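Student: Let us go through this model term by term. I will ask what each label rests on.

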Amino acid sequence: MSSLSDKVAMRHMDVYMEQEEKYTEAVMSGTERLQSKLQSEMASRLAFELSTPPLRWGPWLYYRRIEEGKQYPVLCRRLASLNEEFISHKSPSAGFDFTSGKRIEQKLLDYNLEAERFGGYAYEELSEVSPDHRFLAYTMYDKDNDYFKLSVRNLNSGSLCSKPQAERVSNLAWAKDGQALLYVLTDNNKRPYRIYCSMIGSTDEDVLLLEESDDNVHVNIRHTKDFRFVTVNTFSITSSKVFVINAADPLSGMTLVWECEGLSHCIVEHHQGCLYLFTDAAKQGQSVDYHYLLRSPVDASSSPRKWENVFSDDQDLIIEDVDFSDTHLVLITREGRKFRICSISLPLPVRKGAVHLKELNPYFLPLPEHVSQISPGPNYDYYSSTMRFTISSPVMPDAVVDYDLLNRKWNIIQQQNFLHERTRILYGTASAASIVESNSNSKNSNYKNNVLVDDHHMWNELSEFYACEYYDVFSYDGVVVPLTIVYSRKNKKENQHPGLLHVHGAYGELLDKRWRSELKSLLDRGWVIAYADVRGGGGGGKKWHHDGRRTGKQNSIQDYLSCAKFLIEKGIIQDNKLAGWGYSAGGLLVASAINCCPDLFRAAILEVPFLDPTNTLLYPILPLTAVDYEEFGYPGDVDDFHAIQKYSPYDNIQKDALYPAVLVTSSFNTRFGVWEAAKWVARVRERAIYDPKRPILLNLTTDIVEENRYLQCKESALETAFLIKVMES
């Protein structure tokens with residue numbers, strides 16, 4: 001199955017996929033009406049995604065919208081000065097206002113037409129408008145060749161530029177006020193290693209700025225928000241470096257501004273003559289658990305460059321992310337489980353040494369309860385006083401918020417209201433009058449003004465209907481693992497709930513605990529949705545991540561098992577009614593946990609899972625990066641090799657054990673090959689005790705499900721119907 005270029009093997013693959021599809025249909029027969037009902041429920045909740053909220057950059061408002069009957073969106077813009085004439089997305093449908101006689105919408109890129117260029121798919125990875133708003137550089141996935149192809153489009157004429165048109169592009173950065181584009185190419189192993197500079201409109205060959213010959217070193221570029229510099233990061237597991245290029249003269253060479261040992265996260269920004277570095281690099285040779293902020297004058301003459309701490313260390317206040325505008329520094333912070341956003345006026349006072357955050361008079365934005373994640377928006381406009389954020393919660397649909405840094409007012413720009421089946425969109429089809437009327441009894445009836453922090457209805461919070469609770473669970477070695485549960489208050493019954501336990505636990509990434517509309521179908525049917533923040537994931541600092549990787553991967557598995565046992569022992573989830581859910585590396589943890597305690601779970605959903613790490617890490621068919629080996633282990637290292645063999649789901653399937661019902665989904669468009677899922681399914685069927693009430697199903701697809709919301713509904717409906725069927729059997 002891994003011989004993707006072997007036509008005979010692929011014909012066998014087609015037959016195999018057809019057999020698995022028929023088997024799944026046979027097992028799921030009798031659930032057709034349920035699947036149809038679930039798909040209708042889920043599809044009805046997608047209606048609000050007709051448009052992204054317009055984002056202002058300079059004189060323009062940029063947004064994407066989906067036209068009726070089309071699969072992919074259209075990238076559009078209109079002048080902000082004409083925004084009052086933007087009544088809705090459908091009228092005028094062609095972007096022409098017949099009342100004023102003005103064309104007020106400009107279509108920049110129709111991804112439905114891009115799909116025709118790229119074999120029926122429109123999967124975009126990068127998209128960057130030039131700072132002068134004249135060009136759009138973007139990369140589209142070429143499925144036949146398995147790489148991303150760069151195109152540059154003239155936004156005034158709509159035509160494609162003759163150059164650059166590069167293949168295997170991983171990064172972009174505009175320079176010279178939009179006259180030059182820097183881009184990074186990858187080698188055959190998908191390692192970013194070359195930086196080129198292309199002069200737009202020139203017939204000259206693109207100039208090679210850097211070629212990294214060391215196979216262990218990766219290259220990354222980005223522009224600072226004010227477009228003064230392009231930063232170049234080169235990194236491996238042994239060292240990390242940052243260079244800067246003068247964006248006004250991109251061919252003038254690179255200057256080294258930062259160097260440290262080990263693989264570190266390093267982001268450099270520029271503000272009024274100072275460079276700011278946000279990093280988690282070791283201090284004085286000592287590893288640190290969290291990120292910190294440094295600054296250094298651009299014209300510093302010392303070698304090596306001297307950097308000073310901006311803030312004094314505070315173990316209780318963790319800085320998760322930073323963003324800059326011309327007038328303010330904005331921080332996303334965390335205290336325990338509580339996320340916050342605060343702003344600080346710039347420039348910072350000139351003084352020696354670090355200061356405590358509170359000395360700079362930070363202003364904290366009021367937020368709803370149960371915030372699980374704060375994601376900064378694109379925030380392209382460095383000179384704008386407004387910054388955009390997405391606020392996520394397990395009991396609240398994502399809220400897109402615009403925050404005015406100068407007057408400290410903020411607006412919810414887009415958020416779905418599931419209770420009344422309507423959407424709040426500042427620019428769009430939602431009726432402002434109906435929203436104002438529905439909130440007329442509140443202290444603030446104008447939804448465009450500041451939303452009161454104590455008014456949960458203005459946030460469209462669902463905590464009145466769905467409870468969110470937090471628990472501390474002791475793992476096998478005494479470490480406390482955070483556990484979050486969500487359930488419907490209407491269906492609260494002791495010891496009678498089926499439940500679904502989510503996990504990820506890899507790469508130091510936060511577990512996705514956002515409100516997901518497809519889970520509403522389970523919640524409303526009495527299910528408990530739980531999230532285990534195990535070691536290896538994010539939210540607990542670098543040590544929390546490191547304790548769950550390589551030889552520590554067993555910690556992640558045991559943390560997950562401890563949370564599963566806690567849910568059953570405390571009566572939160574009924575015995576024999578617990579299901580596991582894991583995506584990608586999370587699928588590895590769920591499958592490993594099942595191997596350890598198959599009787600603990602009644603069912604499991606494994607989405608594009610990593611199931612055969614021993615063979616994949618030893619003999620990679622699809623390219624792996626140093627980050628992957630740092631996460632799962634180096635098979636050439638004896639200790640790592642034994643650890644991999646111990647946690648590998650494929651190598652530890654129990655013989656003659658009763659396994660839970662499992663639905664494994666995989667795709668040809670994933671980093672982990674479909675053959676891993678197929679091998680695991682075949683071996684479980686071979687070794688485990690057969691029980692028709694506990695089927696092992698494999699659902700393979702050649703589509704990019706993430707890019708097709710209707711396919712997403714169909715897949716989610718199948719998974720949900722599978723869980724309901726298994727629990728009721």
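Student: What covers the buried residues of α11?
Tutor: The cover includes α7, α8, α9 (613-618) and α10 (626-632). Contact here means heavy atoms within 4.5 Å, and helices (H or I, at least four residues) and strands (E, at least two) are DSSP runs numbered from the N terminus. The model is predicted: local features need pLDDT of at least 70, side-chain atom pairs count only at pLDDT 80 or more, and totals for chains, interfaces and linings use all residues. Residues are numbered from 1 along each chain as its sequence is written, and side-chain values use heavy atoms, with hydrogens and water left out.

Student: Which residues of α11 are called buried, and what does the word require?
Tutor: In α11 (residues 638-647) they are Asp 640, Ala 643, Ile 644 and Tyr 647. Buried means under 20% relative accessible area, exposed over 50%, and partly exposed in between (1.4 Å probe, protein chains only). Across the protein chain, 56% of the 729 residues count as buried.

Student: Why are the buried residues of α11 said to line one face of the helix?
Tutor: Seen down the axis of α11, they fall within an arc of 100°, so they line one face. The arc is taken over the directions from the helix axis to the C-beta atoms. Val 638 and Lys 646 are exposed, on the face of α11 turned away from the buried side.

Student: What makes α7 and α8 parallel or perpendicular?
Tutor: The axes of α7 (residues 553-569) and α8 (residues 585-596) cross at roughly 70° and come within 9 Å. Axes are lines fitted to C-alpha atoms, for helices over the stretch in contact, with angles from 0 to 180 degrees between N-to-C directions. Angles under 35 degrees count as roughly parallel, over 145 as roughly antiparallel, 65 to 115 as roughly perpendicular and the rest as oblique. The two helices are therefore roughly perpendicular to each other.

Student: Which residues meet where α7 packs on α8, and what are their classes?
Tutor: Lys 553, Ser 556, Ile 557, Tyr 560 and Leu 561 in α7 meet Leu 588, Leu 589, Val 590, Ser 592, Ala 593 and Cys 596 in α8. By class, this contact has eight nonpolar, two polar and one charged residues. Ala, Val, Leu, Ile, Met, Phe, Trp, Tyr, Cys and Pro count as nonpolar, Asp, Glu, Lys and Arg as charged, and the others, Gly among them, as polar.

Student: How do you know that β7 and β8 pair?
Tutor: Two strands pair if DSSP finds at least two bridges between them. Five bridges join β7 (residues 124-129) to β8, and the two run antiparallel. Val 129 stands opposite Leu 136 in β8. On the other partner, β9 (residues 147-154), eight bridges form an antiparallel pairing with β8, and Arg 153 is the bridge partner of Leu 136.

Student: What makes β8 a covered strand?
Tutor: Eight of the eight residues of β8 (residues 135-142) are buried. Phe 135, Ala 137, Thr 139 and Tyr 141 point one way, Leu 136, Tyr 138, Met 140 and Asp 142 the other way, and all are buried. In a regular strand the side chains alternate between the two faces of the sheet.

Student: Why are β22 and β25 called edge strands?
Tutor: The open sheet has the order β22-β23-β24-β25, with antiparallel pairing. β22 (318-324) and β25 (363-364) each have a single partner strand, so one side of each is left without a neighbour in the sheet. Within the sheet, β23 (residues 328-335) and β24 (residues 338-345) pair over eight bridges, and Glu 335 has Lys 338 in β24 as bridge partner.

Student: Is Asn 361 buried or exposed, and what decides?
Tutor: Asn 361 has 60% relative accessibility and therefore counts as exposed.
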